[in-house]
Amino acid sequence: MTRTPVHKKVVDLPPEMQSFNALNAYELDRDHIRVACQLSDVHEEVGELAILRVSMVSMGVDLEEAFDEFAMAFHSTRTRGEILLEIGGVVRLHTGSGWRTDVLKSSFLIGAYSLDTHADFVFGDDGQIWRFDGTSTWSQDKVEASDRIFNMNGLSTDRLFAVGGNGLILKSRGRNWDPIEVRIGTDFRCVLVENDRVLIAGDHGIAGYLKDDEFVLFETGIESDILSICSFKGDIYFADSDFGVHVLSADAFEPVANLGYTYRLNAKEWLTAACGEYIFQFDGTNWRGIELSYNGGYKAGPFDTTFIK
């Protein structure tokens with residue numbers, strides 16, 4: 001009888017049995033990005049999280065870190081470092097002295113955010129928000145809600161918002177988070193605090209902004225889920241689970257790029273979009289893209305972007 005070999009590491013699997021997905025991608029400089037990639041078997045029984053430095057020009061890939069775990073989120077800022085969330089309430093925080101690991105008593109952590117030089121946050125089920133004191137301890141904020149929290153954004157500790165399930169919107173008041181009632185039952189997936197506006201979007205194409213604690217809707221024309229919002233060169237971009245990238249024009253949405261399922265947007269000199277094994281960048285006029293894969297090592301190859309329209 002021939003037995004199917006048991007693989008303890010996902011990197012031992014043949015390529016056809018592997019599943020590859022970029023959690024997030026950030027621009028390091030004009031031609032380099034940092035990408036956190038989840039490599040797993042198709043049944044998600046074994047996995048590896050790899051953090052890569054990739055050249056968008058030469059296609060060179062450097063493996064910076066690898067963890068034999070399943071990850072939920074990767075968040076990076078230029079000033080505070082990086083946060084990696086793993087299943088089981090594991091939080092890895094990277095600072096100048098390396099990675100520290102904490103295990104929080106949380107049912108399920110799904111997102112992370114760093115508020116410039118002020119604080120680091122992780123959040124997830126049951127309205128849980130954890131805050132790092134900058135030295136040694138994670139502790140829970142007080143949240144007057146129990147819905148899952150999907151995203152957080154802000155400009156300062158006085159202007160910090162979080163959004164989540166069943167139309168949840170929270171505003172930080174110190175270590176307390178107060179809900180803003182907008183009477184919308186749709187899950188909110190993303191939030192962006194941009195100057196005097198708080199933009200929010202979520203499932204079934206819902207998007208709008210807060211005006212004196214009132215939610216004003218945009219005409220999106222989108223039926224799929226809006227998963228990310230980003231400000232780039234004075235415009236607001238949205239990414240959704242079906243088409244790709246849209247831009248806000250007046251109070252309506254205009255299509256920008258048909259990338260397919262797009263779930264993370266980040267911006268610096270480029271607008272960087274994560275779409276599964278594909279990473280795309282937009283400079284305001286032109287697009288470029290790469291396809292990431294694993295075959296005896298992590299690799300990047302150029303991707304033809306002439307299809308984007």
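Student: Aspartate 141 and arginine 131: buried or exposed?

Tutor: Both are buried in this predicted model. They form a salt bridge, with the closest N and O atoms 2.7 Å apart. Aspartate 141 sits in the loop between β12 and β13 and arginine 131 in strand β11, so the pair ties together parts 10 residues apart in sequence.

Student: How many salt bridges does the count come to?

Tutor: The count is 14. Another one joins arginine 92 to glutamate 86 at 2.5 Å. Arginine 92 is buried at 15% relative accessible area, and glutamate 86 is buried at 3%.

Student: Which residues are linked in a network?

Tutor: Arg34, Glu64 and Glu82 are linked by salt bridges. Between glutamate 64 and arginine 34, the closest N and O atoms are 3.0 Å apart. Glutamate 64 lies in strand β4 and arginine 34 in strand β2, so this pair ties together parts 30 residues apart in sequence.

Student: Why does arginine 34 count as buried?

Tutor: Its relative accessible area is 16%, and buried means under 20%. Glutamate 64 is partly exposed, at 33%.

Student: New topic. Where is threonine 220?

Tutor: In the loop between β21 and β22. Threonine 220 is buried, at 11% relative accessibility. The side chain of threonine 220 reaches the backbone oxygen of glycine 205 at 2.7 Å. Residues that threonine 220 touches include Ala207, Ile226 and Phe253.

Student: And what does aspartate 251 touch?

Tutor: Phe218 and Glu219, not counting residues up to four places away in sequence. The C-alpha atoms of aspartate 251 and phenylalanine 218 are separated by 5.5 Å. Aspartate 251 is partly exposed, at 45%.

Key. Residues are numbered from 1 along each chain as its sequence is written. This is a predicted model: local features need pLDDT of at least 70, side-chain atom pairs count only at pLDDT 80 or more; totals for chains, interfaces and linings use all residues. Side-chain values use heavy atoms; hydrogens and water are left out. Helices (H or I, at least four residues) and strands (E, at least two) are DSSP runs, numbered from the N terminus. Buried means under 20% relative accessible area, exposed over 50%, partly exposed in between (1.4 Å probe, protein chains only). A polar contact is a pair of N or O atoms within 3.5 Å; within protein, one must be able to donate a hydrogen and the other to accept it, and residues adjacent in sequence count only if both atoms are side-chain atoms. Contact means heavy atoms within 4.5 Å. A salt bridge is a side-chain nitrogen of Lys or Arg within 4 Å of a carboxyl oxygen of Asp or Glu.
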